[in-house]
Amino acid sequence: MLTLPVNYMECALSLAELAVGYSSPNPAVGAVVARDGFIVGMGYTQPAGGDHAEVMALRQAGAAARKATMYVTLEPCCHYGRTPPCTGAIIGADISEVHVAMLDPNPVVSGQGICQLNDAHIRTYVGEYQQEAYRINEAYVKYITTGQPFVIAKFAASLDGKIATRTGDSKWITSSDARRYARMLRHSVDAIMVGAGTVIADNPRLTSSGCGGRGGLRKEQPLRVAVDSHGRVPSYSHVFDHPGCVLLAVAESLGRKQKERLAQVGAEVIELPGEEGLVNIEKLLQVLGERKVVSVLVEGGGKLLGSLFDRRLVDKVMAFIAPVIIGGNEARIAVGGRGIDSIAEAWHLKGVSLDRFGDNMLVSGYI
């Protein structure tokens, strides 16, 4: 047991962070049960189909949960899904009051979980550390309210906005620490998306070194999505290597031999409507949402990122900037597409944060 001084909701938020990357398509939630100045139970969301944070914390607390206080980062669910409702477990444990950081935007829950607890004469308090709780589940919030995945545009560029030289060389623009952190980002998402040009030029594996076991939990490799309008990606590309699944999105019908070639390396090919010969990116995101892909990390190249920005489909930007100048009219740029006609139309980031990795900078913000 932990003694005071402890900020119980901050502890619950830290627990929720442990579930990020493991709980999808469910939200990442942390819960703490406190009594008489002691934490008697802690828990965080297990992988889909497993126990929710509240149940984990109540199980650890046991009989000490009676007349105790619970701190939870998201409103307890009140419906039957893969598991029974958490409100029932809280009521059955005889908890006296519950502090909730934020309401669940899921229409089958939103506000109703609080009502069930109030009807059982359990005092509830909502809104403590709400902004922090929202950040942890920003992808879930978008997915559960729109059915669309949360799209993160990530790129590494020089000070003059280049992601490779005119010869295609891009190794390495950013520092090893920045690259290591960028690879860690893959662990927190459901899918990684790149364009065919990036696969051909860089031959990336698109795997997460953070996948595997932790505290009894396991996470599969993120789905690798290659946007390949004309089926140009070679079958020997590393993107098809195990482990992990590969989805190849094409904009035109492939020949039988092409499909057989890709099937042999384990790729799933989906044919989507085309726009000027390119994959309809909105339709692709819709398909991913239908497959319960909650978050997508888009790693380039410039044509794919430009298409997403032109259609205003980006939710968050994570740009690694290195203090180098590449130059060259033919050098590859981070964001292509049509772009804008005037500075007034530029995409302004909100909630901007800056992080340093040696002399490299990570600029993050929301569209």
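Which residues does V32 touch, not counting residues up to four places away in sequence? In this predicted model, the list runs Y8, C11, A12, L15, I39, G41, M42, T69, M70 and Y71. That makes V32 a handy place to start looking around.

Step back from V32 and you land in the largest nonpolar core, which has 41 residues. V32 is among those with the most contacts inside this core, together with V33, L58, M70, I90, I95 and V98. Helix α1, residues 8-19, gives the most to it, with eight residues. As a background rule, nonpolar side chains in soluble globular proteins tend to be buried together. There's also a second, separate core of 33 residues, and V151, V225, A251 and I281 are included in it.

Now for the rings. A pair of aromatic rings is described by the distance of the centres and the angle of the planes. The count here comes to five aromatic pairs. One of them is made by Y8 and Y71, with 5.0 Å centre to centre and 35 degrees between the planes, a tilted arrangement. Y8 sits in helix α1 and Y71 in strand β3 (residues 69-72), so this pair ties together parts that are 63 residues apart in sequence. Y8 is buried, at a relative accessible area of 12%, and Y71 is buried with a value of 12%. Both tyrosines also turn up in the list of residues that V32 touches.

F309 belongs to helix α11 (residues 302-310), while W347 lies in the loop between β18 (332-333) and β19 (350-357), so to speak a link between distant parts of the chain, 38 residues apart. Is W347 buried or partly exposed? With 25% relative accessibility, W347 counts as partly exposed, because the buried label needs a value under 20%. F309, at 8%, is buried. Elsewhere, Y181, F320 and F357 form one aromatic cluster.

Helix α6 (residues 138-146) is worth a look too. Its residues E138, A139, Y140, V141 and Y143 are buried. What covers them includes α5, β6, α10 (281-290), β16 (295-298), β17 (316-322) and β20 (360-366). Just after α6, G147 takes a positive phi of about 80 degrees.

On to the empty space. Rolling a probe the size of a water molecule over the atoms shows where such space is left. The largest pocket holds about 1,000 Å³. It's lined by 43 residues, and V20, R135, E138, S188 and K316 lie nearest its centre. E138 is also one of the buried residues of α6. Helix α5 (residues 130-136) supplies the largest share of this lining, five residues. By class, the lining has 19 nonpolar, 16 polar and eight charged residues.

The second largest pocket has a volume of about 810 Å³. Its lining has 32 residues, with K154, W172, R186, D202 and E299 closest to the centre. Two or more lining residues come from each of β6 (150-158), β7 (162-164), α7 (176-185) and α8 (196-202). Of these, α7 gives the most, with four residues. Here the lining splits into 14 nonpolar, nine polar and nine charged residues.

Key: Residues numbered from 1 in each chain as written. Predicted model: local features only at pLDDT ≥ 70, side-chain atom pairs only at ≥ 80, totals over all residues. Heavy atoms only, no water. 1 Å grid on protein atoms, 1.4 Å probe; cavity = no way out; pocket = protein on both sides within 12 Å on 5 of 7 lines; lining within 4 Å. Points joined across faces, edges and corners; volume = space filled by probe spheres on them. Nonpolar A, V, L, I, M, F, W, Y, C, P; charged D, E, K, R; others polar. Core = buried A, V, L, I, M, F, W, Y, C linked by side-chain atoms within 4.5 Å. Buried < 20%, exposed > 50% of the residue type's maximum accessible area, 1.4 Å probe, protein only. Contact = heavy atoms within 4.5 Å. Phe/Tyr/Trp six-rings, centres within 6.5 Å; stacked < 30°, edge-to-face > 60°.
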